[in-house]
Amino acid sequence: MAQPGPTQRGEVPDGSSAPDVIVHASDVHKRFGSVEVLKGVSLVVRRGEVVVLIGASGSGKTTLLRCINHFERIDQGRIFVNGRLIGYRSDARGRLVEERASAIARQRAEIGFVFQHFNLYPNKSALENVTLGPRKVRKMPRLQAEELGRRLLQRVGLESKVDVHPAQLSGGQKQRVAIARALAMQPKLILFDEPTSALDPEMIGEVLAVMRDLAKEGMTMVVVSHEMGFAREVADRVVMIDDGVVVEEGSPAQIFDRPAHERTRSFLAKLL
Amino acid sequence: MLFSTAGLHFDYSFFWSSLVHPSTAFLQGLETTVYLAVIAQALATIIGLLLALARRSKIAPLRAFVWIYTWMFRGTPLLIQLVIVYDGLAAAGIYTFNNISVGSFVIPSVVQAAIVTFTLNEAAYMGEIIRAALSAVDPGQFEAAMSTGMSPGQAMRLVVVPQAVRFIVPPLGNDFNAMMKNTSLASVIGVSEMFLVTQEINSSTFNTFEIYAVAAIYYLALTTVWGFIQSAIERRIDRRWGIARPPRSWWSWTSSWGRRGVETVGATAGTEGPAILQGVGRPREPRGFFE
């Protein structure tokens, strides 16, 4: 995969010049208190691409994912989604100021997010979990939203669980409802934060199967995962993150079979 | 009578007729007790929600105000608050309650003062209950709502607050139980609620034990009925969460006789509150002799 053009620190790239770029993060720094978690990360994700972020826990990959839909503020750098700066706007003097909450919410509506712990609404049925966003954010009429919700639950293989509450679903089923909930907003991009890490081994397959289908249909996906088999099979590009920086990136074959960097080699060695 | 032969006096027929055929005055007192408690609890719940949200606000003076408010209303006797609101404010020339006519219906000044006081007092407690309940909702719920493009306000209103209700109902029920009994304090400023009416009946009949026993039974009936209503609400909420729970029958306190429930009740929802709320509003084990 082609490397993104290097972006000078502080330069605002023009998103419109590369219409197929969905995510463009450049030189992102993020600190929690005195700990710098991201130390200048750059990442480009193109339309229809599946990018899998790998790395040891604590390397910053989840933080990077959360910065892409502005769940975390960033301390330096810029992140563009769909050609627009996410979470911030430039003031008259070119400095970044945080956007208003409503503007950020509009941007997030275009970005799906699937959580490690599902975060389904426990007081709502599977169908209501899926339809709440379209109804309240997109103002979609109830019947239309329910039709959409049923179609999406069918797509993730849960047409029989439409009226069931999360408490009565298995982990794998919950995560598939969560994916349907993200799809219901018709996002241009879905971010997956370790979607199978909280699952029993026998349920991982059903969730990965849904994700594989999504990838086949051309959904743009950024996935933080420890599922190397999935990464090898589905990813267009694997990005190795360690200690808050991108160590190397490339096709799955490059990264898994011919890792260039010592830190990638030792990380992969530990997994085997 | 059985009791008088033992040297005691118990006017059984007076007791029985007061219990079964209470006077119109007594029934009006009962009515006042109920509507005082219901109105004050309802208003206190709304103000309590505002206090809880203010306590989470970014504006420091607002948080400080709530802290001081809660500290004062929880730290002083309700009786003194009542007297200050009704008599104290008038004596100091700050505010005097006057009767308000709504059509043919008159809200006496003392009733207004009582509603105001009970509301302000209970709001301090409800604020704390709601604050704890809001923080008992998994932060992931707020993020999930935001991830679908909801504004922070929508996420609170549509996702977090409805889930907090499950943690609010049990302590709210306890507070409302106390509220119905505490309305008797309003007698000191002259509200004709059930206790004051009872006192008046006592001073004209001198059947002290009998008439106060009748009043006690009526208070007990009120709190018992509320207990059933509260259980029904809790079961309804659990159904909304897809958590099956057998109906809790009034004899469930005989659980020590029966087998302990062994089957787990559904799967517990993924979000359990912090330790302080553990056991609050969570599915109970099936228990009780007949369950």
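How many salt bridges are there between chain B and chain A? The count is 2, a salt bridge being a side-chain nitrogen of Lys or Arg within 4 Å of a carboxyl oxygen of Asp or Glu. In one salt bridge, the side chain of Glu128(A) meets that of Arg240(B), at 3.6 Å from N to O.

This is a predicted model, in which local features need pLDDT of at least 70 and side-chain atom pairs count only at pLDDT 80 or more, while totals for chains, interfaces and linings use all residues. Residues are numbered from 1 along each chain as its sequence is written, chains are lettered from A and ligands numbered from 1 in the order in which they are written, and side-chain values use heavy atoms, with hydrogens and water left out.

Chain B can be taken by itself next. Chain B has 10 helices and 2 strands; helices (H or I, at least four residues) and strands (E, at least two) are DSSP runs numbered from the N terminus. Read from the N terminus, the order of elements in chain B is α-α-α-α-α-β-β-α-α-α-α-α. Of its 291 residues, 45% count as buried, where buried means under 20% relative accessible area, exposed over 50%, and partly exposed in between (1.4 Å probe, protein chains only). Contact means heavy atoms within 4.5 Å. Among contacts in chain B between residues at least 6 apart in sequence, 74% join residues at least 24 apart.

Thr117(B) lies in helix H6 of chain B, residues 109-136. Thr117(B) counts as buried because its relative accessible area is 1%. Leaving aside residues up to four places away in sequence, Thr117(B) touches Leu78(B), Gln81(B), Leu82(B) and Val85(B).

The interface comes last. The size of an interface is often given as the accessible area lost when the parts come together. Chain B and chain A bury about 2200 Å² between them, with 55% of it on carbon and sulfur atoms; buried area is the accessible area (1.4 Å probe) that two parts lose on being put together, summed over both. In contact across this interface are 26 residues of chain B and 26 residues of chain A.

The rule finds 7 residue pairs in polar contact between chain B and chain A, both residues at pLDDT 80 or more. A polar contact is a pair of N or O atoms within 3.5 Å; within protein, one must be able to donate a hydrogen and the other to accept it, and residues adjacent in sequence count only if both atoms are side-chain atoms. On the side of chain B that touches chain A, helices H7 (139-147), H8 (152-182) and H10 (208-240) of chain B each supply at least two residues. H7(B) gives the largest share, 7 residues.
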